[in-house]
Amino acid sequence: MQVSSFLGLIRTDSKVASLWSDLMTPSAAPVLLRVDASPRLEPSVSRRIADAFEAAWIEGRRDGRVVHRDLALQAVPHLQAQTVVGFYTPPEALDDDLRRALVVSDTLIAELQRADTLLISTPMYNFTVPSVLKAWIDQVVRINSTFAYDGTGFSGLVRTRRAVVIAAHGLGGDGAESAGVDFLGPLLRAVFDLIGIKDVTVLSVENTSGPPEVAEPAVAAAIEAARRAAVA
Ligand SMILES: Cc1cc2nc3c(=O)[nH]c(=O)nc-3n(C[C@H](O)[C@H](O)[C@H](O)COP(=O)(O)O)c2cc1C
């Protein structure tokens with residue numbers, strides 16, 4: 001993927017800061033970084049609940065700014081061999097090739113570091129996060145950048161205070177044997193713990209694939225929970 005196209009596709013509107021103005025204009029205004037992972041746009045349950053969170057978050061913070069990273073509109077590339085080499089190369093030893101290989105990771109980490117709150121909306125796919133979100137995680141979880149290891153233990157280097165995950169599950173915790181299997185919440189909690197985000201809320205809505213009389217009340221309850229979480 002061309003780096004220029006990767007940088008270019010960031011949504012902008014009055015409430016959505018572009019990456020560059022966001023990064024170049026330091027301000028005390030709180031920043032919400034919203035990362036959407038569902039490939040579905042309008043019908044997506046996780047996006048609908050995230051919309052409610054975002055609206056309530058903005059309502060409570062008139063000076064707040066939102067940065068959107070939409071993984072359906074612009075997939076984050078998987079790590080390449082040179083990216084991994086770059087991860088383990090000290091900054092002063094990076095050449096132009098390695099610097100280029102790190103641009104995506106640098107960009108996503110800068111976006112995250114600028115945010116006070118991280119909001120992730122995601123479907124559960126095959127018991128865990130969709131691969132587009134895993135690709136984002138792999139670019140963002142980076143030694144000596146978002147976490148450190150001193151030979152005895154890990155410490156997080158991310159300044160973002162809080163993460164909220166909105167996870168849509170088609171199934172519920174009962175029924176088929178596989179229905180309650182969840183590697184999504186535990187994966188994201190472990191990732192946030194590693195990089196230093198200690199305040200983590202996972203809002204899971206279950207049974208989105210159920211009949212309307214089951215799915216609709218579940219989604220309505222999740223929307224209310226998201227609104228409450230946004231003002232907490
Ligand atoms: C490829 C695929 C895999 C899925 N895997 C699971 C799963 O493992 N567990 C589950 O509860 N639902 C699963 N679902 C259902 C989705 O989680 C559910 O439809 C969810 O509402 C999708 O989120 P969205 O509405 O935001 O797109 C899967 C759906 C698809 C398309």
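**Model and numbering**

The model is predicted: local features need pLDDT of at least 70, side-chain atom pairs count only at pLDDT 80 or more, and totals for chains, interfaces and linings use all residues. Residues are numbered from 1 along each chain as its sequence is written. I noted a mean pLDDT (the predictor's confidence in each residue, from 0 to 100) of 90 for the protein, with 86% of its residues at 70 or more.

**Sheet**

I took helices (H or I, at least four residues) and strands (E, at least two) as DSSP runs, numbered from the N terminus. Five strands make an open sheet in the order 2-1-3-6-7, with parallel pairing; two strands pair if DSSP finds at least two bridges between them. Strand 2 (65-70) and strand 7 (199-205) each have a single partner strand, so one side of each lacks a neighbour in the sheet. Strand 1 (residues 31-36) runs parallel to strand 2 and is joined to it by six bridges. I checked L32, and its bridge partner in strand 2 is V66.

**Helix 6 and helix 7**

I found that the axes of helix 6 (residues 103-114) and helix 7 (residues 131-140) come within 8 Å and cross at roughly 90 degrees. Axes are lines fitted to C-alpha atoms, for helices over the stretch in contact, and angles run from 0 to 180 degrees between N-to-C directions. The two helices are therefore roughly perpendicular (65 to 115 degrees). Helix 6 makes the contact (C-beta atoms, placed from the backbone, within 7 Å) through V104, S105, L108, I109 and L112, and helix 7 through W136, Q139 and V140.

Notes
Angles under 35 degrees count as roughly parallel, over 145 as roughly antiparallel, 65 to 115 as roughly perpendicular and the rest as oblique. Two residues are in contact if their C-beta atoms, placed from the backbone, lie within 7 Å.
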